Every structure is written in C-alpha cells, then in structure tokens.
Amino acid sequence: MHLDPGHDWSVTPQEAIALQRTLAERVLLQPGPKHVRRVAGVDTGFADHGRTARAAVVMLSFPELAPLETRIALEPTPFPYIPGLLSFRELPVVLHALEKLSMLPDLVLCDGQGIAHPRRLGIAAHLGVVTGLPTIGVGKSRLIGDYREPGMEKGCVAPLMYANQRIGTVVRTRRAVRPLFISPGHRTDHGSAVAWTLACTGRYRLPEPIRMADRVASARRGSEKNAVP
DNA sequence: GCGACAG
DNA sequence: ATCTTGTCGC
C-alpha cells in the first residue's frame, strides 16, 4: 500500500515550526470512532548511538487485544531530538512501517503527545493529519501543561491545562504507578481519547497497543523480521 | 536572562 | 531514546 508522506520532511527546525502551525489548523477534535475492530500501536526506538531509527507498528483486534500483525521499518535517523519537534524525527520511519500493514486500523495509539503541544501538533496529531486516521497521544511524561496529581486508583484522572485551556488528561492506568498523559491526536476528543486508552489497557501501565509496539521497537537484537499473513 | 523540555 | 544487574515493593 502506498501512503502519502503528506508534505516535505526535509526541513530545518525553523521550517518545521512553521509547518506545524499550518498543519495544526487541520486537526479535527471530535468524538472518536464509534466502533473499533482494529487498533494499532506505534513507537520508535533507536540504535547505533541514535543514528538508526526503528519504527514498530502492532495491529491488535478489539476488544480482544490480540496481536494481528506486526510491521517494522529501519531507516537512518533524519532529524535530531528537539523538544517540540519530535515528529520530524520519528514520523518518516513510522509512516514507512504503517504502509506495510495489510489493512488499515480504525484507531491508532501513538507514543507521545497529541495536541498537548506548544503548537497543538504533537506526534500523534501530526500522524493523524498526515494519514487521516483517528489518533490518540499516549505520553509517558509531560511536555507542557499544568495539572493536579490524579487519585492513586486505576481510572483516576485530572485535566491537563495550558494557557487556560484543556489540552489533555492525566490518567492513572494502574494503581499507584506514574500517570500517563493522554491527549487527542486527530478525529478524537478528550473523552474518547481517555475512554479508548483505558479500554485498551490491561494489567500494565501502558495500553496494550503501545506496550507491544514498545517491545518490538526497543528489541535489542535483530528482530528485523516482518510478520505478515 | 532563566528554567523547562514528548522520545 | 539509550547506556545497564540486581533489587525493593505490592
């Protein structure tokens, strides 16, 4: 399958920022998909002192959360890590892993922020605008915003605020663990983002799609295979 | 100028 | 993100 890159990815940090301001206008905040049969998790890992980027996408069935397909892409890392510009470092290789899927997901959980970003275009929102797919940002830590510590029980939440606006939700996905920073990417909203995240979470802190993609992307040695039907 | 800063 | 073994806690 051929997936459109969406735009030129060979940009300078300054051009990337300008691009984010434009693309952010195309982000759609609306209730997420009504029915989900397939949910994908994406994550990126690095090797060779950061010179090689490895994106992993794992497709799971819903609500069983059983792995259906795993795809990987390896490429030279194209952009340095700059807070706020993470998508220009990880999305190029992520898109190549995504286009290897035999079927499109109904929803994508992405490692990193959605609209909880200085210009409202974190990696999950960027991925959604480029692919047109509904996406949710699942951050393991905070990029921007203020919040009150949510309760310690699983399911406890607290709004993530920035410039007097809600940009996400701090969610306790498991008892007494560090909370996750959930924010809408594209074609989802605060409520649906949190609901789908919890619906995809089992006995671990990370929702299954992200946890499985994480495992594959960070695989130390050569699991450079591509499982396909 | 100073502090913060997804992965 | 990555470098890295055992260890403390539920």
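This is a predicted model: local features need pLDDT of at least 70, side-chain atom pairs count only at pLDDT 80 or more; totals for chains, interfaces and linings use all residues.
In which loop is Pro 63 found? Pro 63 belongs to the loop between β2 (52-61) and β3. Phe 62 and Pro 63 are joined by a cis peptide bond, with omega at about 10°.

Although Leu 65 is not a glycine, its phi is positive, at about 60°.

One pairing can be followed down to single residues. Strands β7 (residues 165-171) and β8 (residues 180-184) run antiparallel, and 3 bridges join them. Val 170 has Phe 181 in β8 as its bridge partner. As background, the strands of a sheet pair through backbone hydrogen bonds, in either a parallel or an antiparallel way.

## DNA strand B

How many residues surround DNA strand B? The count is 17, and the closest are Tyr 81, Gly 84, Lys 140, Ser 141 and Arg 142. By class, the surface near DNA strand B divides into 6 nonpolar, 6 polar and 5 charged residues. Looking from the DNA side, 55% of the atoms of DNA strand B within 4 Å of the protein belong to sugar or phosphate, and the rest belong to bases.

An N or O atom in the side chain of Arg 142 lies 2.6 Å from a phosphate oxygen of DNA strand B. For Glu 90, a side-chain N or O atom is 3.5 Å from a sugar or linking oxygen of DNA strand B. Asp 111 also has a side-chain N or O atom facing a sugar or linking oxygen of DNA strand B, at 3.4 Å.

## DNA strand C

Which residues surround DNA strand C? They are Gly 45, Phe 46, Lys 140, Ser 218 and Arg 220. Sugar and phosphate make up 100% of the atoms of DNA strand C that come within 4 Å of the protein. The surface near DNA strand C has 1 nonpolar, 2 polar and 2 charged residues.

One involves a polar backbone atom of Phe 46, at 3.2 Å. The other involves an N or O atom in the side chain of Lys 140, at 3.2 Å. Lys 140 is also listed among the closest residues to DNA strand B.

## The largest pocket

Finally, have a look at the open space in the protein. The largest pocket holds about 360 Å³ of space. Its lining consists of 21 residues, and those nearest the centre are Tyr 81, Leu 86, Gly 112, Gln 113 and Leu 143.

By class, the lining of the largest pocket has 8 nonpolar, 9 polar and 4 charged residues. Helix α2 (87-98) and strand β5 (135-139) each supply at least two residues of this lining.

Technical notes:
Residues are numbered from 1 along each chain as its sequence is written. Chains are lettered from A and ligands numbered from 1 in the order in which they are written. Side-chain values use heavy atoms; hydrogens and water are left out. A residue is near a molecule or strand if one of its heavy atoms lies within 4 Å of it. A polar contact is a pair of N or O atoms within 3.5 Å; within protein, one must be able to donate a hydrogen and the other to accept it, and residues adjacent in sequence count only if both atoms are side-chain atoms. Ala, Val, Leu, Ile, Met, Phe, Trp, Tyr, Cys and Pro count as nonpolar, Asp, Glu, Lys and Arg as charged, and the others, Gly among them, as polar. On a 1 Å grid over the protein atoms alone, a cavity is a set of points where a 1.4 Å probe fits but cannot get out, and a pocket is an open set with protein on both sides within 12 Å along at least five of seven lines; lining residues have an atom within 4 Å of a point. Grid points are joined across faces, edges and corners, and a volume is the space filled by probe spheres set on the points. Helices (H or I, at least four residues) and strands (E, at least two) are DSSP runs, numbered from the N terminus. Two strands pair if DSSP finds at least two bridges between them.
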